[in-house]
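Me: I am new to this structure. Can you take me through the labels used for it and what stands behind each one?

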Amino acid sequence: QTKARMATSTSLVRQCLRRACSTSLQTRALHASAARSSDKLFVHRDTPDNNASTKFAFTAENLERVEDIAAQFPAHHRSAACIPVLDLAQRQNGGWLPLSAMNEVARVLKMPKMRVYEVASFYTMFNRTPVGKYHVQVCTTTPCMVRGANDVFATLKEKLGVGNDETTEDGLFTLLEVECLGACSNAPMMQINDEYYEDLTCDDVVRIIDELKAGKTPKPGPQNGRLAAEPLGGPTTLLSDPPAIESLMRKDGEL
């Protein structure tokens, strides 16, 4: 009887284990992540123009600006200046951050290199590979998408002759599809370097690219005549003149 009970217990344990393994495998399959097609955002690979030996040093003027930025934070927290100093390095280096620039930022701020790498690889506004003179970023998140962003992006690809995250042969333009840039009420829109171009049509993007190629400066902001994000049909609120300030103040001298 004892042997029979032991055999029965062993059988039950095996059945439970099989069920647990089966459930675990099913759950794992349901939650499996898709394989990443690129490690560009996270992993550095040495190239001839981007390695620890690549020369980078702040100009004298920018070194002064580094100290001005760092002075805004407590002396023992110079690392708090990491983001604006990385931005300064990127602007000095033509719009992208080589490894040597990150190392220089770590040196001048007296912080571990790895902490600088963590910041530079986390924020997508830091470009760790070379970009063109004009970095064209097109938002295709939902508000822009429903307003024609995909057509805008397709027009840019055809106009520039490049695909997503590619640079034209002359080095002038890099095209990139990005997430929300915070101008949803002026969709569709794109960012070129520091400027926003909003309320776009396909004709607008062709004209803007042509002007940049000609060395001109296209007018940023809404391209359909709006000043900002007011309704397309004109104002719908605050249509009357404001009351006189005297009518809003007490006459008895009390606050």
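Me: What makes Asp-87, Arg-91 and Asp-194 a network?
Reply: This is a predicted model. In it, salt bridges link Asp-87, Arg-91 and Asp-194.

Me: Where do Arg-91 and Asp-87 lie?
Reply: Both are in helix H3, residues 82-92. They are four residues apart, about one turn of the helix.

Me: Why is Arg-91 called partly exposed?
Reply: Buried means under 20% relative accessible area, and exposed means over 50%. Arg-91 has 48%, so it falls in between. Asp-87 has 27%, so Asp-87 is partly exposed too.

Me: How do you know that Asp-210 and Lys-159 form a salt bridge?
Reply: Their side chains meet at 2.7 Å, N to O. The limit is 4 Å, so the pair counts.

Me: What does the pair of Asp-210 and Lys-159 tie together?
Reply: Asp-210 is in helix H8, residues 202-213. Lys-159 is in helix H7, residues 149-160. The pair therefore ties together parts that are 51 residues apart in sequence.

Me: Are Asp-210 and Lys-159 buried, exposed or partly exposed?
Reply: Asp-210 has a relative accessibility of 36%, so it is partly exposed. Lys-159, at 29%, is partly exposed as well.

Me: What makes Glu-211 and Arg-207 a salt bridge?
Reply: Their closest N and O atoms are 3.6 Å apart. That is within 4 Å, so this pair also qualifies. Glu-211 and Arg-207 are four residues apart in helix H8, about one helical turn.

Me: Why is Glu-211 not called buried?
Reply: Buried needs a value under 20%. Glu-211 has 22%, so it is partly exposed. Arg-207, at 31%, is partly exposed.

Me: How many salt bridges does the structure hold?
Reply: Eight.

Me: Which residues make the nonpolar surface patch?
Reply: Ile-83, Phe-122, Tyr-123 and Met-125 make it. Its area is about 420 Å². Met-125 is in the loop between helix H5 (113-122) and strand E1 (134-139).

Key
Residues numbered from 1 in each chain as written. Predicted model: local features only at pLDDT ≥ 70, side-chain atom pairs only at ≥ 80, totals over all residues. Heavy atoms only, no water. Helix = DSSP H or I, 4+ residues; strand = E, 2+ residues; numbered from the N terminus. Buried < 20%, exposed > 50% of the residue type's maximum accessible area, 1.4 Å probe, protein only. Patch = residues over 30% accessible without salt bridge, like charges linked within 9 Å, V, L, I, M, F, W, Y side chains within 5 Å. Areas by Shrake-Rupley, 256 points an atom, 1.4 Å probe, with all protein chains shown as cover.
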